[in-house]
2 protein chains.
Amino acid sequence: MEGPRVGVLARRISESTVRRLSFYLRILEEAELGGVGTISSEELAERAATTAAQVRKDLSLFGSFGKRGLGYAVRQLATELRDILGLDRSWRVALVGAGRIGSALFEYPGFRRRGFEIVAVLDADPNKQGKCWRGVLVRDVAELEHVLRAERVEIVILAIPAPAAADVSARAVAVGVKGILNFAPMQLRVPAGVAVKDVNMVMELEALSFALTQAGRTPWG
Amino acid sequence: MEGPRVGVLARRISESTVRRLSFYLRILEEAELGGVGTISSEELAERAATTAAQVRKDLSLFGSFGKRGLGYAVRQLATELRDILGLDRSWRVALVGAGRIGSALFEYPGFRRRGFEIVAVLDADPNKQGKCWRGVLVRDVAELEHVLRAERVEIVILAIPAPAAADVSARAVAVGVKGILNFAPMQLRVPAGVAVKDVNMVMELEALSFALTQAGRTPWG
């Protein structure tokens, strides 16, 4: 359960602010590993490629941190940021899609390190079902609702082709999942209160292609 | 070389417009495969989870397409969009980082299908150097400048840890690379005229964690 302070603020916190909080946290954790005790908003800004005023503004949304002239206590601010980002706990994640991208995600150590635990893997392909991935059985996506409930899944990762994504997303939302990380190249429609984040590498490359084409120049002519 | 029309417009075209163009293209290509000859802005909007007015506005930035009451010619609009997005050609891409994410990206068929050809792979790890990935030799990242020039690389994919990303990015930019797809969890600083797109799966999950935490509810209490 959340206190009202943060809940009330949530609506006016932009995606780019949240992204910067993630950056600040990484910088603070690196500093902590390096034995740094305090950090100024200027240093934090420099490493996050932003301004000190932006750092102070972002952090002020969540309370009063740091002391004028002394900077922020690295360890304490990192703890606060983990708390704000909901990283002071672990999250139960289901991966739908056991193909190339899915298996790379499953193997990616960065997820577990941050508390995102893949507790279920599902795929529509009978050749993949029944395999065991480091103790996690690959299940039939037909069993989605059952698996999500049984495993108390909070976040679903969709690593499946676009045509299947809308159906799986709707079914996950219907059993109460509130967070979806979508790798399918399509815009999911979800009800209010459900958060979707899209990762689409081909579309990012297309955006680069667009930028380079519009600029009309490539280094080798 | 680009004509002035599109070049002049490039500055006021937002990232979200470009993203929608990518969606429209996918929808049109699916429709074409399904034998559909024309499509209305309403149908396109419905499948792209946007409004017909938005579709018309996005497309009008690039010229006059479609006929009132008749809709858009699917095949022709797909060709136009590929042209606008710079997908009517292929792009020479270097992958820096031959780890888990890097190898999944290399194996991902979606890149080549869209004309993004990985012509070089580099890694700092001597154990990875010298291996051959489907005809592409994994080279020492120390040779970056030489490889980028020799292979006439236009886009660099960074699938390396954050501490190394700034240096590799600066070196790539110094030899004239204008497009970077960055998987490292850090904000790259690049000069004007260089386009960077970030893909960070852990940070997307953190943003979901933030949203779920702020909402203060998960399905299983």
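Because the model is predicted, local features need pLDDT of at least 70 and side-chain atom pairs count only at pLDDT 80 or more, while totals for chains, interfaces and linings use all residues. Residues are numbered from 1 along each chain as its sequence is written, chains are lettered from A and ligands numbered from 1 in the order in which they are written, and side-chain values rest on heavy atoms, with hydrogens and water left out.

Chain A splits into domain 1 (3–84) and domain 2 (91–203), with bounds that come from an automatic or database domain assignment. Taken over C-alpha atoms, the centres of these two domains of chain A sit 30 Å apart.

On to the sheet. Strands here (E, at least two residues) and helices (H or I, at least four) are DSSP runs numbered from the N terminus, and two strands pair if DSSP finds at least two bridges between them. In chain A, seven strands line up as an open sheet in the order E5-E6-E4-E3-E7-E8-E9, with mixed pairing. Strand E5 (132–133) and strand E9 (195–198) of chain A are the edges, each pairing on one side only. E5(A) runs antiparallel to strand E6 (residues 136–140) of chain A, and two bridges join them; A:Cys132 has A:Leu137 in E6(A) as its bridge partner. Helix H9 (residues 162–174) of chain A lies across strand E3 (91–96), strand E7 (155–158) and strand E8 (179–182) of chain A, and runs at about 175° to E7(A). For that angle, axes are lines fitted to C-alpha atoms, for helices over the stretch in contact, and angles run from 0 to 180 degrees between N-to-C directions; contact means heavy atoms within 4.5 Å.

In chain B, strand E4 (residues 116–123) and strand E6 (residues 136–140) run parallel and are joined by three bridges, with B:Val138 in E6(B) as the bridge partner of B:Val121. On the antiparallel side, two bridges tie strand E5 (residues 132–133) of chain B to E6(B), and B:Cys132 stands opposite B:Leu137.

Most residues other than glycine have a negative phi. A:Arg134, in the loop between E5 and E6 of chain A, has a positive phi of about 45° although it is not a glycine. At 62% relative accessibility, A:Arg134 counts as exposed (exposed is over 50% relative accessible area, buried under 20%, partly exposed in between, with a 1.4 Å probe and protein chains only). In chain B, the hairpin of E5(B) and E6(B) has two residues between the strands, and B:Arg134 takes a positive phi near 45° there. B:Arg134 is exposed too, with a relative accessible area of 63%.

Then there are the charges. Side chains of opposite charge can pair when their charged atoms come close. Over all chains, the structure holds 34 salt bridges, each a side-chain nitrogen of Lys or Arg within 4 Å of a carboxyl oxygen of Asp or Glu. One of them pairs A:Arg20 with A:Asp58, with the closest N and O atoms 2.6 Å apart. This pair links distant parts of the chain, as A:Arg20 is in helix H2 (residues 15–33) of chain A and A:Asp58 is in helix H4 (residues 52–60) of chain A, 38 residues apart. Both A:Arg20 and A:Asp58 are buried. Helix H2 of chain A also holds A:Glu29, whose partner A:Arg82 lies 53 residues away in helix H5 (residues 74–85) of chain A; the closest N and O atoms of this salt bridge are 2.7 Å apart. A:Glu29 is buried at 19% relative accessible area, whereas A:Arg82, at 22%, counts as partly exposed. In chain B, B:Asp125 and B:Lys128 meet in a salt bridge at 3.9 Å, N to O. Both ends count as partly exposed, B:Asp125 at 25% relative accessibility and B:Lys128 at 28%. Salt bridges that share partners also join A:Arg26, A:Glu29, A:Arg82, A:Arg114 and B:Glu206 into one network.

Finally, the symmetry. A rotation of 180° with 0.0 Å of shift along its axis superposes chain B on chain A, with an RMSD of 0.0 Å, which is the relation of a two-fold axis. The superposition is by least squares on the C-alpha atoms of residues with pLDDT of at least 70 in both copies. B:Ala104 has the C-alpha nearest the axis in chain B, 3.0 Å from it. The copies meet through the same surface, because 100% of the interface residues of chain B are also interface residues in chain A.
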